[in-house]
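Hello,

Here is the structure you are taking over, with my notes on it below. Please read them with the structure open.

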Amino acid sequence: MSQPVVVTLFSGGLDSAVLTHERIVQYGADRVVGVFFDYGQRGRAAETLAVTTLASLWKMSVRVLAIRDAFAEFRSGLLPGLGQPEIFRDRPLTEIKKDLQGYGERTYVPFRNAIFLSLAVGLAESLGVERIEIGVKGDVGFDVSARFVAAFEAMARVGSRTQDRLQIAAPLIGRTKADIIRYALAHGFFGLTYSCYSGEVPPCGWCDACRERKVAADGV
Ligand SMILES: [Zn+2]
């Protein structure tokens, strides 16, 4: 087996699937390792199915990191578990959305991407990998910006054995959703991805991810 050269954060959603596929085209499937996080998210079952289906199709290796307990008290509309305040617990996102205003209260998961990247840095270092890619697009949220990714890379370079050889990239920043959808359609895996925040199968059609996907798909 070849030495992997890149670790991608791979949720089974459209963006991370395109990112991961592009790295497979670039380096070969045996040189890409996907990391999937089970953090108790509503979509975990459907996302797991998407990731395992795509990984099997692409003959790539995926690590599933189960960190559900760590998120038990994290406040987010994406998390339905017992540690959630009443307003989030075991309620559909449609109802939560009526009660709360703004992105930050619905689908932001506190500091999630930094936590994911931290685990990815540790895994990458252990695998001898010096490059990590994350499929954020820099649009909404606190932990998806180019500034955040650059700051995290700077921190990780100081704090890891890989030092300045470590690269953390977010190559989808600046790409349009339509462009990303076109790529997935052209390579035949658009329908195998799962981006819905609700966890419903089929996807709910009204959450931010579903609507963004639909608007962009209509324009393709
Ligand atoms: Zn949805």
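Helix 2

At 1.5 Å a residue, helix 2, with its 15 residues (44-58), should span 21 Å, and this agrees with its end C-alpha atoms, which are 21 Å apart. Bear in mind throughout that this is a predicted model.

Which residues of helix 2 are buried? They are Ala 46, Glu 47, Ala 50, Val 51, Leu 54, Ala 55 and Trp 58. Viewed down the axis of helix 2, the buried residues fall within an arc of 160 degrees, so they line one face of the helix. The face turned away from the buried side of helix 2 carries exposed residues, namely Ala 45, Leu 49 and Ser 56.

What do the buried residues of helix 2 pack against? Their partners are helix 1 (14-27), strand 2 (32-38) and strand 3 (61-66). Just after helix 2 comes Lys 59, which takes a positive phi of about 55 degrees.

The strands

Strand 2 is mostly covered, with seven of its seven residues buried. Both of its faces are covered: one side has Val 32, Gly 34, Phe 36 and Asp 38, the other has Val 33, Val 35 and Phe 37.

Strand 2 pairs with strand 1 (residues 6-9) through four bridges, and the two run parallel. Within this pairing, Val 33 of strand 2 is the bridge partner of Val 7. Between strand 1 and strand 2 the chain crosses through helix 1, and this β-α-β crossover is right-handed. Val 6 also has a bridge partner in strand 2, namely Val 32.

Strand 2 is joined to strand 3 as well, by six bridges, and these two strands run parallel. Here Gly 34 has Val 62 of strand 3 as its bridge partner. Together with helix 2, strand 2 and strand 3 make a right-handed β-α-β unit.

Strand 1 is covered on both faces, with Val 6 and Thr 8 buried on one side and Val 7 and Leu 9 buried on the other. Strand 1 also pairs with strand 4, in the parallel sense, over two bridges. The bridge partner of Thr 8 in strand 4 is Glu 133.

Salt bridges

How many salt bridges does the count come to? The count comes to 13.

One of these joins Arg 131 to Glu 133, with the closest N and O atoms 2.7 Å apart. Arg 131 and Glu 133 are both buried.

Another joins Glu 212 to Lys 137, where the closest N and O atoms are 3.7 Å apart. Glu 212 belongs to helix 8 (residues 208-218), whereas Lys 137 is in the loop between strand 4 (131-133) and helix 6 (146-159), so the pair ties together parts that are 75 residues apart in sequence. Is Lys 137 buried or exposed? Lys 137 has a relative accessible area of 13%, and therefore counts as buried, the cut-off being under 20%. Glu 212, with a relative accessible area of 31%, is partly exposed.

Glu 212 also meets the side chain of Lys 177 in a salt bridge, at 3.3 Å from N to O. This pair links distant parts of the chain, with Lys 177 in helix 7 (residues 177-186) and Glu 212 in helix 8, 35 residues apart. Lys 177 counts as buried, because its relative accessibility is 12%. Through shared partners, salt bridges join Asp 15, Lys 137, Lys 177 and Glu 212 into one network.

Gly 13

Where is Gly 13 found? Gly 13 sits in the loop between strand 1 and helix 1. Its relative accessibility is 8%, so Gly 13 counts as buried. Leaving aside residues up to four places away in sequence, Gly 13 touches Thr 193, Tyr 194 and Ser 195. Gly 13 and Gly 135 are 122 residues apart in sequence, and their C-alpha atoms are 9.3 Å apart in space.

Regards

Key
Residues numbered from 1 in each chain as written. Predicted model: local features only at pLDDT ≥ 70, side-chain atom pairs only at ≥ 80, totals over all residues. Heavy atoms only, no water. Expected span 1.5 Å × (residues − 1). Buried < 20%, exposed > 50% of the residue type's maximum accessible area, 1.4 Å probe, protein only. Arc of directions from axis to C-beta. Contact = heavy atoms within 4.5 Å. Pairing = 2+ DSSP bridges. Right-handed = clockwise from strand over helix to strand, strands pointing away. Salt bridge = Lys/Arg side-chain N within 4 Å of Asp/Glu carboxyl O.
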